[in-house]
Amino acid sequence: MSEATQPKPISAMVTSEVHPPEWDSPEATSGSFTLNHEAGPVEDGAISGHGSFVLREEEPVIVDTTTTNGSFVLKETVPIVSTEEGDGSFVLREDVPIVSLEEGDGSFVLKEEVPIVSTEEGDGSFVLREDVPIVSTEEDQNGSFVLKEEVPIIDNAPMEFPAFIEESIASIAPQEGFTPGEFSITIERLSECEGLIGELHKATIAEGERQLEVLCKIPPLDPMRRQQFNSMALFDREVNMYSNLLPAMFEFQREKGLTEELNSGFFNVPKCYLTHFDAESEQALILMEDLRNREFCMWNKLESVNYEHAKLLLVQLGRFHGLSLAMKEQRPDLFEPFKLPDVMVLAMEENEQLMGMFTTALDAAISVLDPSEEKACFKMEGLRNEFFTTLQSCVDPERAEPFAVLNHGDCWVNNLMYGYQDGAPRDVLFLDWQLVRYGSPVLDLLYFIFCCTDEALRERHYDEMIRIYYTALKDLLEKVGSEAMDLFPLTALLRQMKTFGKFAVIMAALDIPILCTDPAQIQSHGDAAAAFAASPEAQRRYGYRMGGVIRDAIKYGYL
């Protein structure tokens with residue numbers, strides 16, 4: 001890809017909070033740091049005056065956001081290193097890597113635009129660069145450090161969980177064979193599993209030598225984050241899915257003779273022990289099995305999904321959609337609660353930030369095209385200009401009837417876990433049902449194919465992948481006593497692909513940069529967009545994969 005066609009940085013496209021929003025308050029009265037020239041040597045013989053930071057309580061946080069020199073971000077999950085005096089100072093240790101996921105020892109994440117440290121040794125250690133003044137003011141030219149308004153001090157206190165969480169965990173212990181009053185519960189924060197919409201923590205129930213590990217999914221504990229990302233409404237939807245809709249689907253299949261053991265239907269979700277939702281008290285919780293204990297794992301998102309993994313997913317997706325069609329025909333009363341409206345596009349109407357993310361994403365997608373690709377540029381510019389009305393049209397279930405089904409709503413590799421036997425994928429489970437919607441089956445199908453596979457695989461197997469999906473859907477319908485030719489003929493699927501295919505292009509523009517960025521770099525930068533913009537390798541992957549999406553969307557008549 002020539003320099004002229006390098007994708008533009010999309011720094012505003014994806015945000016990843018590393019601290020609660022209220023910490024950004026301009027009224028904050030602490031947070032500045034200054035270089036402590038009187039500090040003695042620190043670990044590994046660091047030179048005095050180079051690397052020790054002291055918290056200055058008496059000064060306000062700097063609010064001049066035009067300053068681009070030297071700001072840095074503290075990882076929310078890594079506590080500040082305290083000195084023995086306990087005075088709030090912390091030391092830049094030469095043996096501390098820039099990103100630490102395990103040690104919890106005070107690592108920093110530096111903003112990519114100002115390399116205030118040197119890591120030429122290649123080991124990730126911090127070395128203060130004496131030639132870079134972090135903050136230069138008229139009063140002080142000695143290299144003092146200050147935190148910008150958006151980078152406050154991190155609370156290092158032990159994490160406290162609301163009482164209802166432990167009470168909920170305790171309530172499942174007897175049914176899992178633990179003796180009331182004889183078991184203990186510990187909850188471990190899984191910092192790598194925190195997202196904008198929710199948090200995931202590991203709970204261990206123990207009695208003697210026996211242990212049961214479960215994952216505890218909750219909305220963000222910070223109330224402002226819950227409100228900002230509408231977390232309670234999304235948890236309400238996922239709790240409903242685990243508590244009501246999925247059990248109804250499973251029971252419908254069992255009545256027809258399909259069971260988990262026969263592997264002939266759709267039962268592909270983790271075991272759910274308990275759900276809890278109380279809108280008034282803003283309490284929500286989902287307790288589920290830790291699939292890692294069964295050696296399930298996620299696909300390496302930096303690589304496009306290969307044929308074997310895609311085939312496994314498409315079979316289960318076809319069965320899942322086929323169930324909707326069968327239940328809608330045979331048990332319309334039972335299926336009525338499944339007709340859930342889309343929540344993502346509805347939220348966009350009142351969320352300028354989310355609208356901006358899509359606009360920036362589509363601008364970046366256009367930038368991967370060569371100017372000579374006039375047709376592709378013209379079509380993508382039209383899609384960018386009308387993306388919101390296009391999304392509204394695509395998620396409208398009336399336009400998909402009579403073929404609308406319950407969609408997963410977020411069907412990409414970040415929400416899938418695979419099980420293996422002798423090194424080959426044998427099973428796939430679906431996670432994160434917060435965006436479930438009623439709409440065209442094509443939304444899930446093409447979202448997965450265009451976001452998670454690449455142009456080379458689609459060139460070889462595109463028609464075959466569509467037939468794998470449709471055959472699985474057709475077979476499920478026949479097993480439960482319905483007829484595919486009546487409920488969803490192949491010709492209807494192909495027409496819907498043409499009608500709703502643009503949805504996949506829009507979502508690919510938003511998601512592919514995340515798939516192309518190394519998770520370690522996202523942790524390092526504290527923000528997915530910043531990590532993507534700082535990584536030539538991520539942008540190379542993105543140029544190849546996004547360019548392929550656009551070319552194939554035109555090739556198959558979706559653009």
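A salt bridge is a side-chain nitrogen of Lys or Arg within 4 Å of a carboxyl oxygen of Asp or Glu. The model shown is predicted, and local features need pLDDT of at least 70, side-chain atom pairs count only at pLDDT 80 or more, while totals for chains, interfaces and linings use all residues. Residues are numbered from 1 along each chain as its sequence is written, and side-chain values use heavy atoms, with hydrogens and water left out.

**View 1. A network of salt bridges joins Glu188, Lys202 and Glu213.** A search of the whole structure finds 20 salt bridges. The next three views show individual pairs.

**View 2. Lys271 and Glu176 form a salt bridge.** The closest N and O atoms of Lys271 and Glu176 are 3.9 Å apart. Distant parts of the chain are linked by this pair, whose members are 95 residues apart: Lys271 belongs to the loop between helix H3 (231–255) and strand E9, and Glu176 to the loop between helix H1 and strand E6. Helices (H or I, at least four residues) and strands (E, at least two) are DSSP runs, numbered from the N terminus. Lys271 counts as partly exposed, at 42% relative accessibility, whereas Glu176, at 19%, counts as buried. Here buried means under 20% relative accessible area, exposed over 50%, and partly exposed in between (1.4 Å probe, protein chains only).

**View 3. Arg458 and Asp552 form a salt bridge between two helices.** The closest N and O atoms of Arg458 and Asp552 are 2.6 Å apart. Arg458 is part of helix H12 (residues 455–479) and Asp552 is part of helix H18, so the pair ties together parts that are 94 residues apart in sequence. Both Arg458 and Asp552 are buried.

View 4. Arg541 is buried, its relative accessible area being 18%, while Glu537 is partly exposed at 35% relative accessibility.

View 5. Two packed helices are described by the angle between their axes and the distance between the axes. The axes of H7 (residues 352–367) and H18 (residues 536–555) come within 9 Å and cross at roughly 95°. Axes are lines fitted to C-alpha atoms, for helices over the stretch in contact, and angles run from 0 to 180 degrees between N-to-C directions; 65 to 115 degrees counts as roughly perpendicular, under 35 as roughly parallel, over 145 as roughly antiparallel and the rest as oblique. Ala361, Ala364 and Ala365 of H7 make the contact with Tyr542, Met546 and Ile550 of H18. Contact means heavy atoms within 4.5 Å.

**View 6. Helix H1 (residues 163–172) has buried residues on one side.** These buried residues are Phe164, Ile165, Ser168, Ile169 and Ile172. They cover an arc of only 140° around the axis, which puts them on the same side of H1; the arc is that of the directions from the helix axis to the C-beta atoms. The exposed residues Ala163 and Glu167 lie on the face turned away from the buried side. The buried residues of H1 pack against strands E6 (184–189), E7 (199–207), E8 (210–218), E9 (272–278) and E10 (283–289).

**View 7. Ser168 is a buried residue of helix H1.** Its relative accessible area is 9%. Leaving aside neighbours within four places in sequence, Ser168 is in contact with Leu274, Leu285 and Leu287.
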